[in-house]
Amino acid sequence: MREYEDHRPRDQGYRGNDYRRNNNYRDNRGGRGGNDRRSYGRDRGNFRGNNHRDHYEERIEAPQVVCEAKFAESGNEFAKLAPEIQQAIFEAGYETPTPIQAQSIPPLLERKDFFGSAQTGTGKTAAFTLPILHHLVSNRRPVERYRPRVLILAPTRELCTQIGDQIEKYGKYCGIWHVCVYGGVSKGPQTSAFRQGVDVCVATPGRLIDLLDEERFTLDNVDAFVLDEADRMLDMGFIPDIERITKLLPQERWNLFFSATLSGNILNLANRFVTDPVRVTIEPEKPTVDRINQKLMYVEKNRRNDLLLHVLKESTEDKVIVFCKTKAGAERVSELVDRDFPAVSIHGDKSQAQRDQAIRMFKANRVRVLVATDVAARGLDINNVGLVINYDLPQAGDAESYVHRIGRTARAGKEGDAFSFVSADDGDSLRQVEKYIRKKIDANVDHPFHSDFAEKEANRPSYGRGGGRGGYGNRYGGNRGYGGNNRGYGGRPQLRKYRESYAGSR
Ligand SMILES: Nc1ncnc2c1ncn2[C@@H]1O[C@H](COP(=O)(O)OP(=O)(O)OP(=O)(O)O)[C@@H](O)[C@H]1O
Ligand SMILES: [Mg+2]
């Protein structure tokens, strides 16, 4: 776990190493957990004999590294960033900015409010992280206890950690402190980080609000506010939380909204939070990158398991993600696949430790298949995922999820396949997906489980069948409260879907 780490190179005389280790503890001290403000006092002398105050002072005074401006000659947008950041980008192996980075860095260096949209895997995280780091470095201030300067919100815990890792990577020479705040883990290290002082807070809304309610920190010093996956953050599941949080932010602030799918109504909604924003959309006519080889596979519902095993057998990819609609479905499919190919699952019914372990094993190639719900659909940047399979299509009304799911492959210039299983009753979903991505997806009928019936039914025009979202809107309340122990039985089918989609993302 890397919730809270020091980014200063050790050879610069920083001695905070012990503290870092201490900060990773999981509140195993017994007694009251981290919920009582009085625990601050107790914590103080408790870090293996280290005095908290010393660390606080050390944090302010740690020396900075002198870096070269590696891109000065190149003339590209990276050259406009502080040398510390250029050095880190250079070490990350980046040579040129991606289109969204090239178009976002100049306005963001002027602190313009910004809506950025570009296809999946095209470096949106760096597009907002780099200018923010630049501002932090060029307006350096001692880190303040309880008062972060930057707030980044993301819909899932894994995405928070990933953004935190990127801040660490790009900010390794900047002397910037960050904390990742999300549910499913102890609050102790998170509150401890605020007490020590952080520049950047990356959070999911649920846990953030919990800590705000407990007065663990304040948002009154935040001057940059980022919504990653902004359309998801502004949809029905999250919007009440976002409204609550923005009320606590200073009126005068810098707002940055990014997503691969940022359009239409969501932009109207987002306009409420920004002032005179610059809007950049890269290739609006192509919501998905051409490097993804998208295919439909028509199959009877009850033959999908056979088809899945067949596809996995035929494929030579070492990293495959399979998306299912429900948590129970993901678990079932993962157990099935695991009999023949090593597989793990990730969904809202898993503990955070299990989720972290699943991602770790998948990244390290210890399992070949990751079976997931939409909790893993957005933002996750896992190297070399060669194949994404939609065991279920995203439900009608959520065509954006298709774009995000298949975007787990073909990232950073690579190529990949995305196969979607389509059964007779998937017509509405399919039409919406094709409308959203502005193209027809070719079918692969060359497999032993092809169903002419499914093909015919799914492509039948939907006269009077309504289509669209159905009774409750597919994302109603998906984020909060629901779905703790839904086993997939009972309840109205539509409602069950909302419970499942983002449960466990607090
Ligand atoms: N300028 C660059 N040159 C090379 N690689 C880059 C560059 N910028 C980012 N990358 C790499 O591209 C990958 C994808 O980046 P990132 O996760 O930010 O994509 P994204 O646009 O946020 O995608 P998504 O919409 O799925 O969230 C990362 O592995 C990152 O290291
Ligand atoms: Mg992203």
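Among contacts in the protein with a separation of 6 or more, 78% join residues 24 or more positions apart. The model is predicted. Its protein has 506 residues, of which 48% count as buried, and its secondary structure comprises 19 helices and 13 strands.

The largest nonpolar core contains 116 residues, and Val322 and Val371 have the most contacts inside it. Helix H6, residues 124–138, supplies the largest share of this core, with seven residues. Because domain 2 (77–281) and domain 3 (292–458) both give residues to the core, it lies between them. In soluble globular proteins, nonpolar side chains tend to be buried together. Leaving aside residues up to four places away in sequence, Val322 touches Leu308, Val333, Val369, Val371, Ile389 and Tyr391.

Ligand 1 is surrounded by 18 residues, the closest being Tyr94, Gly123, Lys124, Thr125 and Ala412. Helix H6 gives the largest share of this shell, three residues. Domain 2 (77–281) and domain 3 (292–458) each contribute at least three residues to the shell around ligand 1. The shell divides by class as follows.

| Class in the shell around ligand 1 | Count |
|---|---|
| Nonpolar | six residues |
| Polar | nine residues |

An unreviewed UniProt entry places the feature "domain: DEAD-box RNA helicase Q" at residues 74–102. In the model, the end C-alpha atoms of residues 74–102 lie 13 Å apart, and the span is 48% helix and 0% strand.

Definitions and conventions: Residues numbered from 1 in each chain as written. Chains lettered and ligands numbered in written order. Predicted model: local features only at pLDDT ≥ 70, side-chain atom pairs only at ≥ 80, totals over all residues. Core = buried A, V, L, I, M, F, W, Y, C linked by C-beta atoms within 7 Å. Buried ≥ 20, exposed ≤ 12 C-beta atoms within 10 Å, placed from the backbone. Helix = DSSP H or I, 4+ residues; strand = E, 2+ residues; numbered from the N terminus. Domains from an automatic or database assignment. Contact = placed C-beta atoms within 7 Å. UniProt positions renumbered as here; feature names shortened; annotations may be inferred. Near = placed C-beta within 6 Å. Nonpolar A, V, L, I, M, F, W, Y, C, P; charged D, E, K, R; others polar.
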